[in-house]
There are 2 protein chains.
Amino acid sequence: MHIFYLPEATQGYMNLPEEESKHCVRVLRLEAGENILITNGKGHLFDATLIDAHPKKAIVELSAARKGYDYWPFHLHIAIAPTKNIERLEWFLEKATEIGIDEISLFTSYHSERRIVKTERLEKILTAAMKQSVKSRLPKINDVIPFDRFIKSEIKGQKFIAWIDDEVSEQLLDACLPETDCTILIGPEGDFSKEEVNLAIENGYKPISLGKARLRTETAGLASCHIVQLINYLKK
Amino acid sequence: MHIFYLPEATQGYMNLPEEESKHCVRVLRLEAGENILITNGKGHLFDATLIDAHPKKAIVELSAARKGYDYWPFHLHIAIAPTKNIERLEWFLEKATEIGIDEISLFTSYHSERRIVKTERLEKILTAAMKQSVKSRLPKINDVIPFDRFIKSEIKGQKFIAWIDDEVSEQLLDACLPETDCTILIGPEGDFSKEEVNLAIENGYKPISLGKARLRTETAGLASCHIVQLINYLKK
């Protein structure tokens, strides 16, 4: 079934946004009477019917939202250094949305090769990934800020820094508690500097390992996201 | 440190293959005396020194292989339907190599949109991923065959089929035993047909779920690979 994004979706008759109307009527050529799905990006997925196939202001009728859809009792936040090749970051966003994530922060770090990203484009990728994987939650993405500013911002819950170092033996899989908010820092190609790791530790971040394998930035981001979701499945 | 692939690497003085010599000397401009790493793709990683920076037949001197590097006491085999967009399959191969995988089989299935792939190109991607993630094991990739032929081939160890169905409640995370060979079937976009699932079950494959989230083919492949590696970390 086709799915559309309508941020203010609640119930009853509503208009699809212009871009979604166009996609629905002009691209997919759906006709009045067709059953569709609507996500509001805030955790609600609705069964709906296309009532008026207008190419700019399509009208849909929404039933009650599906209960307990996409619910997880924690806030998963990954702060990651944008990769030199932006496609690798985009890939991470798509896959993390599929696996399940709430918030992504971007920071520049001592070894960062990329310092500028267009958050608007990344938001589009997140929206497409949400629809593609039939998710009801659109992850939030924050603009790039310097690492030291991010690290000093107030963050609740568990705080981890994934750091490639033989001295770090504690695994995220063991350290992370289920049903608890969680923020994980993922470094750039070239990893965090020693000073950055120390700054993170001073600010309450715990160094953890993601396992034996050496992972690229975007793979480390996805692996940590998957581990947190599995822990919550496993330990609850 | 730079890493090169030399399939027959053992010990002492050896020539790098022509392409690796060129990359070492012409592209990276390494000079005699530099420390490098050599992987033989069979589970051995060697510390080595570049002795003669010849652009076609570079000579290297290998020390003893690092002990216990990249060792896992099971054979992880994922059989997957090639994705319509080949880049998604390539991405799976790269990421699975990083996480750790032994063998990949490709099959065409009732809903497969892609029936032809160039295994040679995929082998290059696996080799690049092995080097990039400093792995000593090059995953084996098998040519595409029809699903029913694959399913009837003799395979040892645990056999699972990941199937998107609300009736399947057993999780791979619970069903998979550590330190045991494991083959997992991942269906195409559009999933397996009911007949294919039945054929798999008749041939000893157990239906399992990868969790609550709905995953694309390549994400399901990677998630199952990661789950098996985590189980082996967790339960051993």
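Predicted model: local features only at pLDDT ≥ 70, side-chain atom pairs only at ≥ 80, totals over all residues.
Residues are numbered from 1 along each chain as its sequence is written, and chains are lettered from A in the order in which they are written. Local features need pLDDT of at least 70 and side-chain atom pairs count only at pLDDT 80 or more, whereas totals for chains, interfaces and linings use all residues; side-chain values use heavy atoms, with hydrogens and water left out.

The contact (heavy atoms within 4.5 Å) involves 29 residues from chain A and 29 residues from chain B. About 2500 Å² is buried between the two chains, with carbon and sulfur atoms giving 59% of this area; buried area is the accessible area (1.4 Å probe) that two parts lose on being put together, summed over both. Six salt bridges are counted between chain B and chain A, a salt bridge being a side-chain nitrogen of Lys or Arg within 4 Å of a carboxyl oxygen of Asp or Glu. Glu94(B) forms a salt bridge with Arg216(A), in which the closest N and O atoms are 3.9 Å apart.

On the side of chain B that touches chain A, at least two residues each come from helix 2 (86-99), helix 5 (172-175) and helix 7 (217-235) of chain B. Helices (H or I, at least four residues) and strands (E, at least two) are DSSP runs, numbered from the N terminus. Helix 7 of chain B gives the most to this side, with nine residues. The residues of this side comprise 13 nonpolar, six polar and ten charged; Ala, Val, Leu, Ile, Met, Phe, Trp, Tyr, Cys and Pro count as nonpolar, Asp, Glu, Lys and Arg as charged, and the others, Gly among them, as polar.

Ser209(A) is located in the loop between strand 12 (206-208) and helix 7 (217-235) of chain A. Ser209(A) counts as buried because its relative accessibility is 11%, buried meaning under 20% relative accessible area (1.4 Å probe, protein chains only). A polar atom of the Ser209(A) side chain lies 3.0 Å from the backbone nitrogen of Gly211(A). Residues up to four places away in sequence not counted, Ser209(A) touches Val168(A), Glu170(A), Gln171(A) and Leu172(A).

Gln229(A) lies in helix 7 of chain A and, at 16% relative accessibility, also counts as buried. Neighbours within four places in sequence aside, Gln229(A) contacts Trp72(A), Phe74(A), Leu76(A), Ile99(A), Gly100(A) and Ile101(A).

Methods
Buried < 20%, exposed > 50% of the residue type's maximum accessible area, 1.4 Å probe, protein only. Polar contact = N/O pair within 3.5 Å; in protein donor to acceptor, adjacent residues only side chain to side chain.
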